[in-house]
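Subject: Handing over the structure

Dear colleague,

Please find below the structure that I am passing on to you. After it come my notes on what was found.

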Amino acid sequence: MSRSLQENSAKTLEEADWVQPIVKENLSDRAYSDLRQALMRGQLRPGALLRLRPMSARFGISATPMREALLRLVSEKALTLDARGTVVVPTLTLDQLLEIRAVRTDLEGRAAAAAARFASKQEIDGLEAIHRQISQCHLSQQFEKAVDLNTEFHLGLCRLGRMPIVYDIVEGLWVRCGPILSHLYDAGLPDWEPHPHLRVIAALRAGDGEGARDAIREDIERGGQGLLTHVKDVDEGT
């Protein structure tokens, strides 16, 4: 190989845009993701204090990436700061919950309608399997597990709509509601037949977008009565 060819090859390698430095996993991103999941799954309850040093110790990271993760969630309104600057899991007001429910009804309805066009048989089968697990949890009174599976069903349906911007917004709303989801069944199990999830699944199989939209909206509006009851009680101090 000639010297000029070697020089050109070396220069091409130096300028190659596919060559990226290898870096360690971003610790702040990891903490952010774990905290977000904990909020969405109801593992952090309203009023919980997330002090920087104890949280850093629990995650096994330094204060800087921990602070970045917490403040990122504060900027998304998933967490808040108290008068002393301590990060706190917020308590939803009734007005906030009603607004979140209204936005979810609209966006999850749109995603469900789109899913009727795009979802494959295998994907619909996956949703049906999740609902079967939810039904089994109801029968065995495993309500904490049922809450997790219900979240999985709703976000899974939204994902099938192939609307990534809508999905990101909806997931953010679930993060904000997550800390009170343990109260989902405070009003008992709704007496409906068939369950709206089954109506969603049937509509998806039939390619019926409006049917899927109507079913998931009913599920959000009627299935969330326990959350409304809880937040009303908190607002009224009972």
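A residue is called buried when its relative accessible area is under 20%, exposed when that area is over 50%, and partly exposed in between. With 33% relative accessibility, Glu-76 therefore counts as partly exposed. Please keep in mind while reading that this is a predicted model.

Let me start with the overall make-up. The protein chain has eleven helices and three strands, and along the sequence these follow one another in the pattern α-α-β-α-α-β-β-α-α-α-α-α-α-α. Of the 238 residues in the protein chain, 42% are buried.

The three strands form an open, antiparallel sheet, in which the order is β1-β3-β2. Because β1 (49-50) and β2 (80-81) stand at the edges with a single partner strand each, one side of each is left without a neighbour in the sheet. Strand β3, residues 87-88, runs antiparallel to β2 and is joined to β2 by two bridges, and across this pairing Leu-81 stands opposite Val-87 of β3.

Next, the salt bridges, of which the count comes to twelve. Glu-76, the residue from the opening of these notes, forms one of them with Arg-36, and the closest N and O atoms of this pair are 3.6 Å apart. The two partners come from distant parts of the chain, since Glu-76 lies in the loop between α4 (63-75) and β2, while Arg-36 belongs to helix α2 (residues 27-40), 40 residues apart.

Because Arg-205 lies in helix α9 (residues 196-206) and Asp-125 in helix α6 (residues 121-139), the pair ties together parts that are 80 residues apart in sequence. Arg-205 is partly exposed, with a relative accessible area of 40%, and Asp-125 is also counted as partly exposed, at 27% relative accessibility. Through shared partners, salt bridges join Lys-121, Asp-125, Glu-128 and Arg-205 into one network.

Which element gives the most to the negative patch? That is α11, with three residues. Asp-235 is found in helix α11, and at 44% relative accessibility Asp-235 counts as partly exposed. The other patch is nonpolar, with an area of about 260 Å², and is made by Val-103, Ile-165 and Ile-169. Ile-169 is found in helix α8, residues 164-177, and is partly exposed, with a relative accessible area of 42%.

Finally, a few points about the backbone. Most residues other than glycine have a negative phi, and most peptide bonds are trans. The peptide bond from Glu-193 to Pro-194, however, is cis, with omega near 0 degrees, and Pro-194 lies in the loop between α8 and α9. Lys-77 is not a glycine but has a positive phi, near 70 degrees; this residue sits in the loop between α4 and β2, and is exposed, with a relative accessible area of 53%. Gln-141 likewise has a positive phi, of about 60 degrees, although it is not a glycine. Gln-141 lies in the loop between α6 and α7 (143-160), and counts as exposed at 60% relative accessibility.

With kind regards

Note on methods:
Residues are numbered from 1 along each chain as its sequence is written. This is a predicted model: local features need pLDDT of at least 70, side-chain atom pairs count only at pLDDT 80 or more; totals for chains, interfaces and linings use all residues. Side-chain values use heavy atoms; hydrogens and water are left out. Helices (H or I, at least four residues) and strands (E, at least two) are DSSP runs, numbered from the N terminus. Buried means under 20% relative accessible area, exposed over 50%, partly exposed in between (1.4 Å probe, protein chains only). Two strands pair if DSSP finds at least two bridges between them. A salt bridge is a side-chain nitrogen of Lys or Arg within 4 Å of a carboxyl oxygen of Asp or Glu. Patches are made of residues with over 30% relative accessible area and no salt bridge: like charges are joined within 9 Å, nonpolar side chains (Val, Leu, Ile, Met, Phe, Trp, Tyr) within 5 Å. Accessible areas come from the Shrake-Rupley method with a 1.4 Å probe; for residues, only the protein chains shown count as cover.
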